[in-house]
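Thank you all for coming; I would like to walk you through one protein model this morning. Please have a look at the sequence and the structure as I bring them up.

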Amino acid sequence: MKQQLTKEEIQFIDNYLKNSGVEYIDTRAEVVDHVASEIENRFIENNTSDFYEEFKMYMIQHKKALLKNIHKYRWSLDKKILKQVFVNLINQKVLAISGLFLVIGFTLMNTLSFENVDLKTTYLFITVGILFLSAIYPLFWFRKQKISIINRSAVLCYLLNYWFFSTIEKMLTGHLYGYGVFIIALTWFNISFAVTQVNYFKFYKDKFQLS
């Protein structure tokens, strides 16, 4: 039977990585899982249960490469949250909020002419919302704690918004309903992103007992 590391041993790995410069707790959690799995495999390979000896030997052999390739774990987290954003597009909460925006959007389109629609103001509203998620909200919730996935995913969302908006705006200029549908679709994506972010906030808050 494969020997599992104790909570104290896992905490030891976490503290070691933190002292080695892996400051973002979400990235560190991914690396801890990887290192713990490798140590457990070494128990079997070397027919031993000496955690500290196996950990020392593993770090002598792999620490430099592990820290050098830390970006791979960050990219893994980026893919995870982006995938969850698309999964959450059909989340009941996301659909309910998006439905509300849909009603509001079509109501406005029936009362306004395209000339009265300020594209720059609309885009500014979207941008401010994303910046709130990427900077102010995490700072308020986590204070001095560093969670890389939250800020990076917000930047990714901002870039997607910028690219879509810049591209589609030129194609739909003068087409009120087409533009309205695009804004609603973009808003649907942003709502899914916001819900995903909040879920990750709660996950890390509970997992790491953050205040």
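**Fold, cores and surface**

Read along the sequence, this protein follows the pattern α-α-α-α-α-α-α-α, and the count is accordingly eight helices and zero strands, where helices (H or I, at least four residues) and strands (E, at least two) are DSSP runs numbered from the N terminus. Please keep in mind that this is a predicted model, in which local features need pLDDT of at least 70 and side-chain atom pairs count only at pLDDT 80 or more, while totals for chains, interfaces and linings use all residues. Residues are numbered from 1 along each chain as its sequence is written, and side-chain values use heavy atoms, with hydrogens and water left out.

Let me begin with the inside. Of the 211 residues, 37% count as buried, buried meaning under 20% relative accessible area, exposed over 50%, and partly exposed in between, with a 1.4 Å probe and protein chains only. The largest nonpolar core has 17 residues, and those with the most contacts inside it are Ile 13, Leu 17, Val 35, Ile 39 and Leu 66; such a core is a set of buried Ala, Val, Leu, Ile, Met, Phe, Trp, Tyr and Cys residues joined through side-chain atoms within 4.5 Å. Two or more residues come from each of helix H1 (7–19), helix H2 (25–46), helix H3 (51–68) and H4, and H2 gives the most, with six residues. A second, separate core of six residues includes Ile 25, Leu 77, Ile 81 and Ile 147.

What does Ile 39 touch, leaving aside its neighbours within four places in sequence? Ile 39 is in contact (heavy atoms within 4.5 Å) with Leu 5, Phe 51, Glu 54, Phe 55 and Tyr 58.

Turning to the loops, Asn 47 sits between H2 and H3 and counts as exposed, at 71% relative accessibility. Its phi is near 50 degrees, a positive value in a residue other than glycine. For context, most residues other than glycine have a negative phi.

Finally, Ile 90 lies in the loop between helix H4 (70–87) and helix H5 (92–111), and Ile 90 is exposed, with a relative accessible area of 67%. Together with Leu 95 and Trp 188, Ile 90 forms a nonpolar patch on the surface, with about 300 Å² of accessible area. Areas here come from the Shrake-Rupley method with a 1.4 Å probe, and for residues only the protein chains shown count as cover. Patches are made of residues with over 30% relative accessible area and no salt bridge, with like charges joined within 9 Å and nonpolar side chains (Val, Leu, Ile, Met, Phe, Trp, Tyr) within 5 Å; a salt bridge is a side-chain nitrogen of Lys or Arg within 4 Å of a carboxyl oxygen of Asp or Glu.
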